[in-house]
Each structure stands twice: as C-alpha cells, then as structure tokens.
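Reader: I have just opened this one and would like to be walked through it. Could we look at it together, a piece at a time?

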Amino acid sequence: MDSYTNLTSVLVAGICTILSWFFGNFDGAIQILLACVIVDYITGIAAAIVQEKFETRICCKGIGRKVIMFALVGVTQITGRELFGNAALLRNTVIYFYVASEGLSIIRNADKAGVPVPKILEPVFTNLMNGIITEMTVH
C-alpha cells in the first residue's frame with residue numbers, strides 16, 4: 001500500500017472511533033434517527049418547492065437545527081455513560097424523542113406538499129413523544 005492509502009485508513013479509523021465514542025453504537029435507534037432526519041430534510045425541501053417558497057437561508061437553518069440535535073444525542077451518550085453507567089438509556093430516550101419530532105415534521109411536510117397522509121401515523125409519533133415526556137416527568 002502506498003502512504004496515501006495508509007493515511008486514509010488511519011483517518012477513517014480515527015473518525016469512526018471518535019464518532020463511536022460520541023454517539024455510541026451505530027444501532028437501530030441511531031439508524032432510525034438518521035433516516036428520519038434525512039427524510040425530513042428532503043420532504044421539507046420538496047414541500048417548499050411545491051409551495052414555491054424555497055429559500056436557501058431556511059434550508060441552512062434546518063441543517064443547523066439538525067446539527068444541534070445530533071450534538072445533544074452525543075452529549076446524552078457521554079452523560080449517560082459517565083454519570084449513570086448506562087449510556088443507552090438516556091441516549092435512546094433522547095433519540096426516540098427526536099424520531100417522534102422528525103416523524104411529525106415529515107407528516108407536516110407531506111401535508112404542505114398535498115400528499116395524503118395515513119391517519120394512523122400522526123398518533124403514533126404523538127404518542128411516542130408524549131410517552132417519552134411523561135416518563136421523563138414521572139421519574
């Protein structure tokens with residue numbers, strides 16, 4: 001192997017190690033959140049185009065919000081691991097809260113674009129969000 005291949009391998013391994021330390025395992029919870037974030041962003045752009053209200057500034061604000069969302073997931077991963085000895089408990093609670101929020105946003109985007117949404121979806125995400133909020137306030 002040449003030195004560039006070795007350097008690339010070391011950089012990729014280092015980045016993956018840092019991401020794993022910060023976010024935890026790339027498990028189902030983080031995969032669902034990543035999928036919801038991507039779909040929400042794409043449907044938001046599509047809805048804006050359909051409504052003829054597309055603005056780059058608003059797209060950038062959306063990216064900023066999603067960066068902050070992932071930062072909070074990472075912080076809860078570290079906090080859960082260091083303070084409670086169980087990183088997944090706090091992290092997954094935050095992830096599922098954001099999954100519910102993104103799911104509701106996807107539904108709103110579809111509605112704005114004139115796409116019919118099955119009525120069963122909104123209660124699923126609303127109940128998920130309300131269940132998490134209730135659990136957090138009870139304990």
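Reader: Which side chain has a polar atom 2.6 Å from the backbone oxygen of Phe23?
Author: That is the side chain of Arg91, which has a polar atom 2.6 Å from the backbone oxygen of Phe23. Please keep in mind that this is a predicted model, in which local features need pLDDT of at least 70, side-chain atom pairs count only at pLDDT 80 or more, and totals for chains, interfaces and linings use all residues. Residues are numbered from 1 along each chain as its sequence is written, and side-chain values use heavy atoms, with hydrogens and water left out.

Reader: And where does Arg91 lie, and is it buried or exposed?
Author: Arg91 lies in helix H4, residues 87-112 (helices are DSSP runs, H or I, of at least four residues, numbered from the N terminus). With a relative accessible area of 2%, Arg91 is buried (buried means under 20%, exposed over 50% and partly exposed in between, with a 1.4 Å probe and protein chains only).

Reader: What else does Arg91 touch?
Author: Leaving aside residues up to four places away in sequence, Arg91 touches Phe23, Gly24, Asn25, Asp27, Ile30, Val73, Thr76 and Gln77, where contact means heavy atoms within 4.5 Å.

Reader: Why is the pair of Phe97 and Tyr98 called edge-to-face?
Author: Their ring centres are 5.4 Å apart and their planes stand at 70°, so the pair counts as edge-to-face. Phe97 is partly exposed, at a relative accessible area of 27%, whereas Tyr98 is buried at 16%.

Reader: Which residues do ring pairs link into a cluster?
Author: The cluster consists of Trp21, Phe22, Phe23 and Phe70, linked by ring pairs.

Reader: Changing topic, how do H1 and H3 pack?
Author: They pack at an angle of about 70°, with axes 7 Å apart (axes are lines fitted to C-alpha atoms, for helices over the stretch in contact, and angles run from 0 to 180 degrees between N-to-C directions). That makes H1 roughly perpendicular to H3, given that 65 to 115 degrees counts as roughly perpendicular, under 35 as roughly parallel, over 145 as roughly antiparallel and the rest as oblique. On the H1 side the contact is made by Trp21, Phe22 and Phe23, and the H3 residues include Phe70, Val73 and Gln77.

Reader: What about H2 and H3?
Author: Helix H2 (residues 28-50) packs against H3 at an angle of about 170°, with the axes 11 Å apart, and the two helices are therefore roughly antiparallel. Among the residues that meet there are Ile30 and Leu33 in H2, and Ile63 and Phe70 in H3.

Reader: Last one: where is Glu52, and is it buried or exposed?
Author: Glu52 is in the loop between H2 and H3, and at 73% relative accessibility Glu52 counts as exposed. The phi angle of Glu52 is near 60°, which is a positive value in a residue other than glycine.

Conventions:
Phe/Tyr/Trp six-rings, centres within 6.5 Å; stacked < 30°, edge-to-face > 60°. Polar contact = N/O pair within 3.5 Å; in protein donor to acceptor, adjacent residues only side chain to side chain.
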